[in-house]
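Please look over the sequence and the structure before reading on.

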Amino acid sequence: MTSSLLMPRGGVRAGTAGRVTTGGGTATGDAGSVAPTPILDWRHPNVASLVRRIGAAGHSGDASGPARRTEALRRAHRHIAAVIRPVYSVQDERPVSQVLRRGRGSCSQRLAVLESVARASGVATRVRGLLVDGGFWYPRFPRMHRLVPHQVVLAWPEFRIEGLPAADHPCTPWLTVSELFGDLHALSRDAGGGFTNTGAETLFEALSRTAVDWDGATACPATGASCDLSAHVLADLGHFDSRDELFARHGQTLRATARLLAEPVLGRRSAGV
């Protein structure tokens, strides 16, 4: 069994059990926001410098349109993937400015960087909280299963892009990070298959080439890995205006003491090899 000693006090989080359907869970905050938060500290000079380098600055009311705003987020994703080294950091509450200073971060931390760039550019964000089976990460820790928490709290970003065509985006005006690079059904047809959580590719990188489907709505070609990751979802925790609110309500994956002990090792261990 996986280690429950590493979990925050209280153990199992509440949520919608079983398979998840789009829009499920207990929506606690679906308006989103462009405001800075302790994690999404986009007013910090480190973040402002990144936004200038990417060229993503703008205003929510400008005439750039949904296609240009989506492309700006894609450009930001590619830049973040290139300049922030993937590691197994367990400090989900680390401010984005510190992630940029260190030049390394977990998938969760790099997603937070993308959210900060969006907010700094006038695009509101929110997150969907997912409780994911720890076994999803077993392939990356083949000899350390006992130390992998049996539940992982995942903050999955969404971006408010006004003007998205409803025919292509049923959750308009919200664009999930899963669909940042295209419709899930189109992405699922990629010859490379789905995301395996093994090898050099991390979840953050996988977004640009394949469907990352937590709701069981797609199917990759039979010759590759599955795009349907819904079997790994234990509960849908709903929507939150920020990842700060999600973690404040449901905690991080590991206890504070476990994070303190694990971070010096995992925070430097490359996830991209």
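## Cysteines

A disulfide is counted here as a pair of cysteine sulfur atoms within 2.5 Å. In general terms, a disulfide is a covalent bond between the sulfur atoms of two cysteines. The structure, which is a predicted model, holds one disulfide. Its partners are Cys220 and Cys227, whose sulfur atoms lie 1.6 Å apart. Both Cys220 and Cys227 are buried.

## Overall architecture

The protein contains eight helices and seven strands. Of its 273 residues, 52% are buried.

Among contacts in the protein with a separation of 6 or more, 74% are between residues 24 or more positions apart.

## Packing of helices H1 and H4

Helix H1 spans residues 45-54 and helix H4 spans residues 107-120; their axes come within 10 Å and cross at roughly 75°. Because angles of 65 to 115 degrees count as roughly perpendicular, H1 is roughly perpendicular to H4.

On the H1 side, the contact is made by Val47, Leu50, Val51 and Ile54, while H4 contributes Val113, Ser116, Val117 and Ala120. Seven of the residues in this contact are nonpolar, one is polar and none is charged.

Technical notes:
Residues are numbered from 1 along each chain as its sequence is written. This is a predicted model: local features need pLDDT of at least 70, side-chain atom pairs count only at pLDDT 80 or more; totals for chains, interfaces and linings use all residues. Side-chain values use heavy atoms; hydrogens and water are left out. Axes are lines fitted to C-alpha atoms, for helices over the stretch in contact, and angles run from 0 to 180 degrees between N-to-C directions. Helices (H or I, at least four residues) and strands (E, at least two) are DSSP runs, numbered from the N terminus. Angles under 35 degrees count as roughly parallel, over 145 as roughly antiparallel, 65 to 115 as roughly perpendicular and the rest as oblique. Contact means heavy atoms within 4.5 Å. Ala, Val, Leu, Ile, Met, Phe, Trp, Tyr, Cys and Pro count as nonpolar, Asp, Glu, Lys and Arg as charged, and the others, Gly among them, as polar. Buried means under 20% relative accessible area, exposed over 50%, partly exposed in between (1.4 Å probe, protein chains only).
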